[in-house]
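Subject: Structure handover

Hello,

Here is the structure I said I would pass on. Please open it next to this email, as the notes below go through it element by element.

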Amino acid sequence: MDLAKLLATLNHLHLEGEDPVTAREVAELLWLAQQINPSATLPERASPLPEQSAEVGAASVSPPSLPNPATPSNPAPPSNQVGVHLRGKEELESGGSEPKKVAGSGSLAFRSPTGAALPGSLELARALRPLMRRVPSRSRFLLNEKATVQRIAEEDIWSPVLDPAPEHWLDVALVLDEGPSMALWQRTFSELRRLLECQGAFKNVRTWGLDSSSRDKLSFYAGAITGGNLSRRSTSPNELVSLRGRRLIMLVTDCISPAWYGETLLKILQSWGEHNTLVVVQVLPQRLWRRTALGIASAGRLDLPFPGAVNQRAALTESSNIFADKEELVGLPIPVVTLEPPILNAWAKIIGQAKAGWTPLFVLNPPWREQRLEPYSPVEIEPEKLLQQFRAVASPLAQRLAVFLAATPISLPVVRLVQRTMLPQSRQVHLAELFLSGLLKLTAPHPHPDYAQYDFVEPKVRALLLDSLLFSESLTVLEEVSKLVASRTGLPLDFQALLADPEAVDGLFIPEDSIPFATVAATVLHRLGGDYSQLASRIETRIKDAQNPPPPQKQEAEKRRAKLEEEQARLRQQQEELQLSNLLDQLKKAEKKEEQVTERIEPSLRPRVVEKLVSLLQAPQGFPPTERAIYGRALSLLGDPRPGVGTWKHRIGRREIELPQIEWCEIPAPKGGKFVMGSSDWSDNPRREVALGYSFKMAKYTVTYQQFQTFIDSGEYDTLTWWKDFPKDYQRQKMREQEFKYDNHPRERVTWFQAVAFTRWLDAKYREAGLLEKGDEIRLPIEEEWEYAARGKDERKYPYLGEFDKTKGNTYESGIGMTSAVGSFPDGASPFGVLDLSGNVWEWCLNEYYNPKALINFNSTNSRVLRGGAFDDDAYGAASAFRNYYDPRSDYSRFGFRVVVFPPIRASDL
């Protein structure tokens, strides 16, 4: 087949909403096919992280031959024994791997390998294809060679013709409802995020967290809590609002938490829908919506004036309430979709192609009214009636899952194992039905859902469910769980020997950690009858002994446990060091997608990872700048604890507020009150002696994104006090979104006016909090202060001694290509310990460029001085004596600032 015929065939088959296939794309595919080596194998890893451990076999094992109650005692041992988590005395004395214990639970917490939490990913990706559009960029351009040549030839104008570069149409803000019931869906959220990132349809995909556990008070975070990520930046929901209107906000929720029945959350949704495209991704199927706040949902026919129109512009041409009488609803329509391809595709066509169509939705119509539904409040009823209600409304798979779980302790990893081995056709929605039924209760909470422990609300519920389970099935479930525990904790001795020899219980010691497994096993064995019932009674006796051991036995057990724990601590330390090494290798290969690596870090390992990353950033030399940048970004995602980088809380009067935590460097006055400023290399800053007869303090780092965000989140950003004396058109300027949004990176895209407003606000708040000495003032530095802090008195060319060194600052030569975490280059410190004075971002100074003595003329738009160079500037601009200037209204991604403390500048001083 020739190329023309191949193209014609492909374009005939191309899917709706996609651009035609080009010859270049076919050529690239053929080239890529040649590069792929099917016989290549991946290198073996020394030791995988916990999530990558070998998977437990999922094949079910034939159950043992059951004893006949009518036969005499001591029946033949079963051919296939069942394992339960029990240990012998010899094992305790010889040592072994100790599982991680959840405080107060008396049970083990471990993570298990599972199947996909988001089944049908390929179909879901195809359903989202209508959103794959490209639009002309407003900031990126491509050279039109043909038009440029034609202009030169015809008009003799030697300037390039630039066309807007095509870019992805939408960026996605993926918000996770972090209400108590959403712990089940965190893995689904993570897989949905990965699906959207790999879709190739969006500029970027960022995650956010919404704590909806309170009806009226909500907390909003940058970054979702998936993977136990607790070190996140608290922010305002308004940060999601994009006035450009090219943002898709997807709220993943089950609509159960208390916030859905109050006004606060609805007001947030109203704000999002007025400025952006908002959709609620409901994790529960439509048949369960009656039990949620979506009982007020309707099916509606939406009509958009153009693709990607915000919810406010959508027309609701027809509507009918799903669960109540038909009525006309007027207000802001918010579509509700489930993670099912047909529903998702219908909504995507409405948004991406402006095709009117039917979709589930609910309508907000202020003034806010009390919702017609109230949160479900469980009522205490007898176990038999509770179970009867569950069986009356639950799906068959949910009922069957409840029966299987009656034969084992309950945690999410165990549930997934039971689903995979016993009910492979079941999904998380069936587990959600069980959790919504009220049959389960949380017995040991934990921030990471895999470590939380659950149990049935009453022991009798478990007993009633076991009545519906075959003996062989209960033993199979118990065996699979036992094998999983043994594989995860390194405890080979289990219950198999006891089934073969019921008298072996006399030689066993049951530690506290094993009690939950032994208890459930005893319950199952009682139901077998015969000698197995007697065996269960003996195990229960051993359980009581373990819970209340006599003093001599308890002391002996404590000695054995202490010895075991000492050995386990040594093994854990070795394992952590290996995991840290593997993690650093993964970060180096992440290619600026460190979030995908950090989300998989175990909660117990996070403090060690943070400690390691801090030590790497503070270590001199040793590794290239690009690696330092990687470690800084990862530290931002995990929470940077370094002083001077983040924020702290201070009480002012009766209220507690969050303030930037500035670490100051003392800059003593030069000896004799003078120092040499400038260099013969630059005509606008010639070498000369200048007076500087005072000492002052300068911030060790530039103001970070997290620190500046406290100004915005304080609710005082628009206060006229901070913008006083500025030109009228530049008061209370709208902040542009950060280009490189990491908490510990410099706050960039900030104008000179915004930097001054921040210093005024910070000065006022520090003064209220008692953090400023009388007569001091926080402000931007003047040129003389900045250069003296960078060079000292020895006229060094850069803040460090010697010639330019690309490993001592973030410049073009370092190869980072973006801002880096502040303080990433300790070798680049100035004589007074100030960091990042060469590279990273240009820093605003108070001075006007052409009239350096004009320091307090705030009503002027004359160019202001910038110092220090930026990440995309070379060594020439990063020199300490180099002066740069820009319009004070400019807010490029290369512009930032730092602050100083000194008595106020007065007109008489100039």
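Please keep in mind that the model is predicted.

Strands

Strand β9 (residues 277–282) is mostly covered, with six of its six residues buried. The cover is on both faces: T277, V279 and V281 are buried on one side, and L278, V280 and Q282 on the other. Strand β8 (residues 247–253) runs parallel to β9 and is joined to it by six bridges. In one of these pairings, M250 has V279 of β9 as its bridge partner.

Strand β19 (residues 664–667) has another pattern of cover. In a regular strand the side chains alternate between the two faces of the sheet. Strand β22 (residues 696–699) runs antiparallel to β19, and four bridges join the two. E666 has K697 in β22 as its bridge partner.

Strand β12 covers residues 332–338 and includes L332. L332 has a relative accessibility of 3%, so it counts as buried. Between L332 and R313 there are 8.8 Å in space, C-alpha to C-alpha, and the two are 19 residues apart in sequence.

Salt bridges

Side chains of opposite charge can pair when their charged atoms come close. A search of the whole structure finds 29 salt bridges. Three of them are described here.

- E737 and R206 meet through their side chains, at 2.6 Å from N to O. E737 lies in the loop between α22 (705–713) and α23 (752–768) and R206 lies in strand β5 (residues 202–211), so the pair ties together parts that are 531 residues apart in sequence. E737 is partly exposed, with a relative accessible area of 32%, and R206 also counts as partly exposed, at 26%.
- R749 and E739 form a salt bridge whose closest N and O atoms are 2.9 Å apart. Both residues sit in the loop between α22 and α23, 10 residues apart. R749 is buried, with a relative accessible area of 17%, whereas E739 is partly exposed, at 35%.
- R867 and E783 meet in a salt bridge at 3.0 Å, N to O. R867 belongs to strand β25 (residues 864–867) and E783 to helix α24 (residues 783–791), and the two are 84 residues apart. Both R867 and E783 are buried.

Salt bridges that share partners also join D171, R206, E239, R247, E737 and K741 into one network.

Surface patch

F141, L143 and L162 form a nonpolar patch on the surface, and together they have about 300 Å² of accessible area. L143 belongs to strand β2 (residues 134–143).

Regards

Definitions and conventions: Residues numbered from 1 in each chain as written. Predicted model: local features only at pLDDT ≥ 70, side-chain atom pairs only at ≥ 80, totals over all residues. Heavy atoms only, no water. Patch = residues over 30% accessible without salt bridge, like charges linked within 9 Å, V, L, I, M, F, W, Y side chains within 5 Å. Areas by Shrake-Rupley, 256 points an atom, 1.4 Å probe, with all protein chains shown as cover. Salt bridge = Lys/Arg side-chain N within 4 Å of Asp/Glu carboxyl O. Pairing = 2+ DSSP bridges. Buried < 20%, exposed > 50% of the residue type's maximum accessible area, 1.4 Å probe, protein only.
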